[in-house]
Amino acid sequence: MLRFAEEIVLLLLNDEDGRFARLSNISMDYALAGGVLMDLALENRIDTDLEKLMLIDSTPTGDSLLDPTLADIADVGGHDTRFWLERAATRSDELREDALNRLVDQGILERAEDRFMWVFKSRRYPTIDGEAQREVKLRIMAVLFSDEIPDPRDIVIIALADACGIFKSIFTSSELERVAPRIEQVRKLDLIGQEMMHAIQDIELTLAQAMQPHMY
C-alpha cells in the first residue's frame, strides 16, 4: 500500500511528459503534510477534533514518511490541526523527495534527468502487498465520474486534493464543474478529512489576507 504522500505525487504527474502539474509551493506543502497526518490517523496514531490533534499511540510505524512527524507530535504535545499542518509542512521538500525515491525503488516510476516516467503503462502499480492496485488517477476518476462507493483512502485523497487546489491542475474547467457536486458529496464521508480540509482552508485564507495591501 502506498502512502498518501506518494499518491499525491503520482496524482500530479503528467503521463505524457513526465513532469508535474503546476501547483503552488504552499499547496503542495500542505497536501503532503495533510497526507502524513491522515496516514497517522488511519494508523491509529493520532485523532483530531475541533480543538486539537491528539496523540493516541507514539509507537513508531517503521515508515520514514510518517515517523518523524509522529515523534514530533509525541515530543511537543497537544496543539490543533492547523499547528501540525504548518509544522509538518516545513518538511515538505524532504517528504516529496522521500516519496519520489520510494516510487522509483518500488518500480512504479523511473527517473530520467528532471523527469519521472511511469514504468508500467497499464496504469496499475506493480504488485504491492501481494495485490495489483489501480493507479490513483484511475481510482479517483472512477469515484468522481460515477456512483462508485469510494474506498476510505480514496475519500482522503479527494478531500486533500480539493482542499489544496490539485483538481484545478488536473481537470479542465468544464470537468471540474461537472464533478464539483460529487467532490462535495465525497468530502462529507470522512470526519477527520473534513477537519484537515478546514484547517488547510483556514491557513490559505490567513495567507491571502496577509498578502492583501493595507487599506488606509
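Contact here just means heavy atoms within 4.5 Å. The model is a predicted one, with local features needing pLDDT of at least 70, side-chain atom pairs counting only at pLDDT 80 or more, and totals for chains, interfaces and linings using all residues. Residues are numbered from 1 along each chain as its sequence is written, and side-chain values use heavy atoms, with hydrogens and water left out.

Ala 5 sits in helix H1 (residues 4–11); helices are DSSP runs of H or I, at least four residues long, numbered from the N terminus. Neighbours within four places in sequence aside, Ala 5 touches Leu 32, Leu 65 and Ala 99. Its relative accessible area is 2%, so Ala 5 is buried (under 20% relative accessible area, 1.4 Å probe, protein chains only). Arg 96 lies 91 residues away from Ala 5 in sequence, yet the C-alpha to C-alpha distance is 7.3 Å.

Further along, H7 (residues 152–163) packs against H9 (residues 173–187) at about 120°, the axes being 9 Å apart. Axes are lines fitted to C-alpha atoms over the stretch in contact, and angles run from 0 to 180 degrees between N-to-C directions. That angle makes H7 oblique to H9 (oblique being what is left after under 35 degrees for roughly parallel, over 145 for roughly antiparallel and 65 to 115 for roughly perpendicular). On the H7 side, Ile 155, Ile 158, Ala 159 and Asp 162 make the contact, and on the H9 side Ile 183, Val 186 and Arg 187 do.

As for burial, 10 of the 12 residues of H7 are buried, so H7 is largely enclosed by the rest of the structure. Among them are Arg 153 and Asp 154.

Technical notes: Helices (H or I, at least four residues) and strands (E, at least two) are DSSP runs, numbered from the N terminus. Buried means under 20% relative accessible area, exposed over 50%, partly exposed in between (1.4 Å probe, protein chains only).
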